[in-house]
Amino acid sequence: MILRLIFYAILFGAIYYAVRGLFGGGARARGDGEADEGSDDAMIACPECGTYFPRGIGVPGRVRGRKYLFCAVECAQSYRSRGGPPPDDGTPGREEA
Ligand SMILES: [Zn+2]
């Protein structure tokens, strides 16, 4: 259990630095294929739970080299720990390392 706590602490730290990197850098230097439509108050769906939220308050997370915006840190963590989108109904959750 302690190991699990440490694991989440590290995850949280990584997300924290990702957020700092995004907002601290401030420069929107990337102009390639990233989906960047809409302004900060555009409503987007959380890839984890499907909740709609303003893009500006999204929690950025990087999963398998792709950037996503989540409605909450918890969603970013569970999405990342699974390594992809939630399985569709009927599919039992399987662990992929
Ligand atoms: Zn969510």
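Quick definition first: helices (H or I, at least four residues) and strands (E, at least two) are DSSP runs, numbered from the N terminus. This is a predicted model, where local features need pLDDT of at least 70, side-chain atom pairs count only at pLDDT 80 or more, and totals for chains, interfaces and linings use all residues. Residues are numbered from 1 along each chain as its sequence is written, and side-chain values use heavy atoms, with hydrogens and water left out.

User: What pattern does the protein chain follow along the sequence?
Analyst: Start with the pieces: the protein chain has 2 helices and 4 strands. Reading along the sequence, you get α-β-β-β-β-α.

User: Which arrangement do the 4 donor atoms make around the zinc ion?
Analyst: Donors are N, O and S atoms within 2.8 Å of the metal (3.2 Å for Na, K and Ca), and water is not among the atoms, so sites may look incomplete. Here the protein donors are the SG atoms of Cys 46, Cys 49, Cys 71 and Cys 75, lying 2.3 Å from the zinc ion. Four donors count as tetrahedral if all angles lie between 85 and 135 degrees. The angles here are 102 to 115°, so the arrangement is tetrahedral.

User: Is Cys 75 buried or exposed?
Analyst: Cys 75 sits in helix α2 (residues 73-82), 26 residues from Cys 49 in the loop between β1 (43-45) and β2 (52-54). Buried means under 20% relative accessible area, exposed over 50%, partly exposed in between (1.4 Å probe, protein chains only). Cys 49, at 42%, is partly exposed. Cys 75 has 11% relative accessibility, so Cys 75 counts as buried.

Terms used
Tetrahedral: all angles 85-135°; square planar, octahedral: opposite > 155°, others 65-115°.
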